Amino acid sequence: MKRTPIVIKVGGALLDDQAAMSRLLTSIQTVLATRPVILVHGGGPLVETLMASLGLSSSKIDGLRVTPDEHMPYICGALAGSANKTLCAAALQAGCTPVGLSLLDGNMVTCEPLDARFGAVGVPSAADPALLKSVLAQGLLPVVSSIGSSPEGRLLNINADQAATVIAELVQGELLLLSNVTGVLDGDKQLISTLDAAGIETYADQGVITDGMLVKVNAALLAATTLGRPVTIASWNAAIPEILNHATGTQVFPSPLPSGDTL
Ligand SMILES: Nc1ncnc2c1ncn2[C@@H]1O[C@H](COP(=O)(O)OP(=O)(O)O)[C@@H](O)[C@H]1O
Ligand SMILES: CC(=O)N[C@@H](CCC(=O)OP(=O)(O)O)C(=O)O
């Protein structure tokens with residue numbers, strides 16, 4: 001029987017919580033006995049701290065970091081360097097064998113600049129799954145940062161939820177977006193258990209879903225539609241089997257396709 005890989009994306013705030021990071025990696029180590037796992041990570045808070053310590057200001061538009069090209073050496077160092085190696089070390093400690101990668105390795109994902117206003121921010125597209133598949137076939141844990149490049153060789157900063165969406169597409173995986181909240185919350189801070197395109201639009205128009213969560217739900221909707229299966233947004237403090245059983249978190253369902261259309 002084919003075992004569908006699980007693509008788990010963690011936000012960068014996890015790196016500030018040693019106990020949660022260790023618990024999650026131990027849980028991943030258990031899951032690896034039955035299903036391949038790919039870990040994709042962010043590192044937004046790490047980037048913020050580094051920029052502040054360098055005296056550089058950094059802003060976001062619609063949840064995406066405006067990234068002048070001259071900031072890329074620092075952002076690349078924080079995401080593909082510190083954040084990636086911190087998670088790889090925690091994975092080793094938990095008994096997994098990690099392989100640290102970025103989107104451009106093995107030409108997994110190609111990226112194009114989004115729009116001049118954002119500088120070196122890219123839009124990722126799935127390219128070649130061969131490297132990831134061979135790492136998974138060896139029972140290793142790929143740990144992927146969201147640094148990509150354009151065909152012209154320009155380094156690009158990719159939002160990590162969007163990066164995870166494309167990685168899930170590459171391996172036709174089951175996507176879990178794990179963050180520091182229990183899932184998507186409504187105006188009364190109660191968990192919304194299911195969402196679709198219409199629900200996302202309503203909550204976004206009401207100003208209930210904002211900032212990084214707006215990027216996340218849109219990435220989840222795109223992934224759900226492309227993969228033809230729901231994507232879950234949940235907390236990294238929840239046990240992975242519970243998330244897979246939909247006992248917690250928000251499931252984002254695919255948009256209905258116009259009749260006759262296929263993906
Ligand atoms: N409706 C919402 N439900 C939950 N979180 C929300 C919502 N709207 C905005 N947020 C914010 O989005 C954050 C999660 O997005 P983000 O910080 O980008 O996460 P990550 O770094 O894990 O990708 C939450 O911590 C919260 O501050
Ligand atoms: C373009 C863009 O916004 N890139 C993100 C990449 C890291 C990220 O997404 O980290 P989290 O998952 O922790 O938010 C950034 O520079 O913060």
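**Reading contacts, helix packing and loops**

Analyst: Let's start with Ile147: leaving aside residues up to four places away in sequence, Ile147 touches Cys76, Leu79, Ala80, Ser102, Leu103, Leu155 and Asn157 (contact means C-beta atoms, placed from the backbone, within 7 Å). This is a predicted model, where local features need pLDDT of at least 70, side-chain atom pairs count only at pLDDT 80 or more, and totals for chains, interfaces and linings use all residues. Residues are numbered from 1 along each chain as its sequence is written, while chains are lettered from A and ligands numbered from 1 in the order in which they are written.

User: Is Ile147 buried or exposed?

Analyst: Ile147 counts as buried because 28 C-beta neighbours lie inside 10 Å (buried needs 20 or more other C-beta atoms within 10 Å, exposed 12 or fewer, partly exposed is in between, with C-beta atoms placed from the backbone). Ile147 belongs to strand E9, residues 147–149 (helices, H or I, of at least four residues and strands, E, of at least two are DSSP runs, numbered from the N terminus).

User: At what angle do H2 and H3 pack?

Analyst: Two packed helices are described by the angle between their axes and the distance between the axes. Here H2 and H3 pack at about 130 degrees, with axes 9 Å apart (axes are lines fitted to C-alpha atoms, for helices over the stretch in contact, and angles run from 0 to 180 degrees between N-to-C directions). So H2 is oblique to H3 (under 35 degrees is roughly parallel, over 145 roughly antiparallel, 65 to 115 roughly perpendicular, the rest oblique).

User: Which residues meet there?

Analyst: From H2 come Leu46, Val47, Leu50 and Met51, meeting Tyr74, Ile75, Ala78, Leu79, Ser82 and Ala83 of H3. That contact holds 9 nonpolar, 1 polar and no charged residues (Ala, Val, Leu, Ile, Met, Phe, Trp, Tyr, Cys and Pro are nonpolar, Asp, Glu, Lys and Arg charged, the others, Gly among them, polar).

User: Which residues come nearest to ligand 2?

Analyst: Gly12, Gly42, Gly44, Arg65 and Ala160 do, out of 17 around ligand 2 (near means a C-beta atom, placed from the backbone, within 6 Å). Helix H2 (44–53), strand E4 (64–65) and helix H3 (72–93) each give this shell at least two residues.

User: Where does Asn107 lie?

Analyst: Asn107 sits in the loop between strands E5 (98–102) and E6 (109–113). Most residues other than glycine have a negative phi. Asn107, not a glycine, has a positive phi of about 50 degrees.

Terms used:
Contact = placed C-beta atoms within 7 Å.
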